[in-house]
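Please look over the structure shown below before reading on. The report then takes up its core, its helix packing and some individual residues.

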Amino acid sequence: MAIERITGIVTDLIRHNDRHNIISLFTRELGRVSLLVPAGGGKSGRMRNARLQPLSVIESDVNFRAGKSLQNLGSVALKEIWRDLYFHPVKSAIVMFLCEFLNRYLRESSPEPLLWDYVVEALRELDGRKKGLSNFHLAFLTGFLHFAGISPDLSELERGDYFDMQAGIAVAERPSHRHYLFPPEAGFLPLLMRMNFNNDFLFRFQSGERRMVLRKILEYYAVHYPGMAAMKSPAILEDIFS
C-alpha cells in the first residue's frame, strides 16, 4: 500500500450503493481518478458533502491498495475557498456547464498539470468577478482549445472562406462532410481567438450570435472528442444570455 497526497477538482459524484458514492476528480498529480467516498449522513457527512460540490478544489490523502479497483478517498480539506460560485445564480449555471464540459472531456486523462492550473485560475477568475459574465464560458472554451490540441489554423483564412472543422483549417470550397462553418460563421473565428479572461467582457454580440458561437465551438470540440456531443447544460446558458 502507498499513501499519496492528491489535489483534485470535483467533476462528478454519483451513487454507488447504500454505503458509498463514487467521486470523479481531475487531479494535478494523476489526471482523472475515481474514488469511493462514504454516502452516510450525520454532521460529518454533511461537512464532507459540502466540501465535495461541483468544481470544489480539494486535498486528500489516498491510501492506494494494490489489487483494489476503487480506492477510498481519505479526509478532505478545501484547497480553494469559493465565496460566490454556488450562491450567484449566473455563476452557478456557468459552474454546471464547466463541470459537464470537463467531465466529458476528461473521461480518460493522464496528468496534465498545465491544464489543471488553467482550470483553477479560471475558477478563481469566475469566483471573483463582480460583472461581465456573459462571455466567460466562451473565453474558457477558447483558451481550452490549446490544451485540447485543436487550436484552429486561421493563418490562411480569407473573407468568404469556409472553416473545415475536421481539418481545423480555412478552405475556399465547402467541405464534402457536414462539419464546417459557412463564411459568415467562420468570420467570427479571428475575433473569438482573441478572447481571453482579460478582455471577454468587451466583446458584444447581437441577438442570436452568442448562441451560435457557443453551439459551433461545442460542435468543433465534439468532432474531435465525440464523447462531448449532446451536452445538456449549454441550453441553460443560452437562456440566461439570450
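The sections below describe selected features of this model.

## Basis of the model

This is a predicted model, in which local features need pLDDT of at least 70 and side-chain atom pairs count only at pLDDT 80 or more, while totals for chains, interfaces and linings use all residues. Residues are numbered from 1 along each chain as its sequence is written, and side-chain values use heavy atoms, with hydrogens and water left out.

## The nonpolar cores

A nonpolar core is a set of buried Ala, Val, Leu, Ile, Met, Phe, Trp, Tyr and Cys residues joined through side-chain atoms within 4.5 Å. Buried means under 20% relative accessible area, exposed over 50%, and partly exposed in between (1.4 Å probe, protein chains only). The largest such core has 57 residues, and those touching the most other members are Leu 98, Phe 101, Val 119, Phe 140, Leu 141, Phe 144 and Tyr 221. Two or more residues each come from α2 (89–105), α3 (113–128), α4 (136–148), α6 (189–193) and α7 (209–224). The largest contribution, nine residues, is that of α2. These element names follow DSSP runs, numbered from the N terminus: helices are H or I with at least four residues, and strands are E with at least two.

Leu 98 is in contact, meaning heavy atoms within 4.5 Å, with Leu 55, Leu 123, Leu 126, Phe 136 and Phe 140, when residues up to four places away in sequence are not counted. A second, separate core has 12 residues, among them Val 10, Leu 25, Val 37 and Val 76.

## Packing of α2 with α4

The axes of α2 and α4 lie 11 Å apart, and the two helices pack at an angle of about 20°. Axes are lines fitted to C-alpha atoms, for helices over the stretch in contact, and angles run from 0 to 180 degrees between N-to-C directions. The two helices are therefore roughly parallel to each other; angles under 35 degrees count as roughly parallel, over 145 as roughly antiparallel, 65 to 115 as roughly perpendicular and the rest as oblique.

The crossing of α2 past α4 is right-handed. A crossing is left-handed if the near helix is turned anticlockwise from the far one by less than a right angle, and right-handed if clockwise. From α2, the contact uses Ile 94, Phe 97, Leu 98, Phe 101, Leu 102 and Tyr 105; from α4, it uses Phe 136, His 137, Phe 140, Leu 141, Phe 144, Phe 147 and Ala 148.

## Packing of α4 with α7

The helices α4 and α7 also pack at about 20°, with axes 11 Å apart. That angle makes α4 roughly parallel to α7. Here α4 passes α7 in a left-handed crossing. Residues making the contact include His 137, Leu 141 and Phe 144 of α4, and Arg 210, Ile 217 and Tyr 221 of α7.

## Two residues with positive phi

Most residues other than glycine have a negative phi. Leu 55, however, has a positive phi near 70°. This residue lies in the loop between α1 (42–50) and β4 (57–64), and Leu 55 is buried, at a relative accessible area of 0%.

Ala 230 has a positive phi near 60° and is found in the loop between α7 and α8 (234–240). Ala 230 is exposed, with a relative accessible area of 66%.

## Ile 22 in strand β2

Ile 22 belongs to strand β2 (residues 20–27) and is buried, with a relative accessible area of 14%.
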